[in-house]
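Here is a short note for someone opening this structure for the first time. Please read the points with the model in view.

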Amino acid sequence: MTDPKDQSVVYGTKDVLISLCNSVTRVLSVATQGTVRYSGMVQRISKTCLKPDIGCFVLFNGGFSGLVVINFSAAAAMEIYQSYMLSMGMSQSDLAPAYTSDEVANVMGELMNQVVGDFTSAIQRELQTRITQNQPKMLVLNQQVVLSVDANLDQPEARRVSFYTAKNNIFYLEMAMDHTQFIKLYDFEPQEAPDPDALMTQAGAQPGAATAPAGGNGGSDMDDLLKSLGM
């Protein structure tokens, strides 16, 4: 019979996904000064897709490789954009009128960059490994786009999680990564998490933090997307 003390703690895809979901809710809740939450149920899916109305994808590699896609409905994107900008002191009359505006794509791209930064920091603290990622790319879409990941995934696992804004507008996170397990060799205390407010202030102060506009140059955006995927 195996001694329970000899059984190592194992972290897998579920734990990585939970860490990512926590980063999304933590950063967006602070940004919008409202409650962003995710479903207690997760879907197993066969592939990740960018879907209407506005979507973002990030490739990451290092300790493990994978892809994160977040698909926003127009209502969810506008709620998050407006709440964030109003909390930053902008007046209602100065806000972009539609989710197809370049400004909305820029701001949402900035927020996704902060989410990914929080996630990579959490992975380093919790799993003691390091991952790097490309700049999040935010695209306004009128049809579904299937993403094929060029990230050397031998045993890909894909999951989808539903998120809800403070006004119950829905958006979806999809993650694909190689099947992997992290086995705890010895007990250690994770480093203290940074303050989300300080993280957002630091990210907002960096020039060029926002992504490229995603409105009037759809062909260029699609070329950049395909190039990022190695296609």
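1. Buried means under 20% relative accessible area, exposed over 50%, and partly exposed in between, with a 1.4 Å probe and protein chains only. I170 is partly exposed, because its relative accessible area is 26%. This residue belongs to strand β10 (residues 170-178); strands (E, at least two residues) and helices (H or I, at least four) are DSSP runs numbered from the N terminus.

2. On the basis of the note: this is a predicted model, in which local features need pLDDT of at least 70 and side-chain atom pairs count only at pLDDT 80 or more, while totals for chains, interfaces and linings use all residues. Residues are numbered from 1 along each chain as its sequence is written, and side-chain values use heavy atoms, with hydrogens and water left out.

3. What does I170 touch, not counting residues up to four places away in sequence? I170 contacts S73, A76, S162, F163 and Y164, where contact means heavy atoms within 4.5 Å. Between I170 and A74 there are 9.5 Å in space, C-alpha to C-alpha, and 96 residues in sequence.

4. Helix α2 (residues 74-87) has 14 residues and reaches 20 Å from its first C-alpha to its last, close to the expected 20 Å; the expected span is 1.5 Å times one less than the number of residues. Its buried residues include A74, A76, I80 and Y84. Just after α2, G89 takes a positive phi of about 100 degrees.

5. Helix α1 (residues 13-32) packs against α2 at an angle of about 55 degrees, with the axes 7 Å apart. Axes are lines fitted to C-alpha atoms, for helices over the stretch in contact, and angles run from 0 to 180 degrees between N-to-C directions. That makes α1 oblique to α2; under 35 degrees counts as roughly parallel, over 145 as roughly antiparallel, 65 to 115 as roughly perpendicular and the rest as oblique. L28, A31 and T32 of α1 meet I80, S83, Y84 and S87 of α2.

6. There are 6 aromatic pairs in the structure. Rings of Phe, Tyr and Trp (its six-membered ring) pair if their centres lie within 6.5 Å; planes under 30 degrees apart are stacked, over 60 edge-to-face and the rest tilted. The Y38 and F163 rings have centres 5.6 Å apart and planes at 50 degrees, so the pair is tilted. Y38 is in strand β2 (residues 37-45) and F163 in strand β9 (residues 156-164), 125 residues apart. F163 counts as buried because its relative accessibility is 0%.
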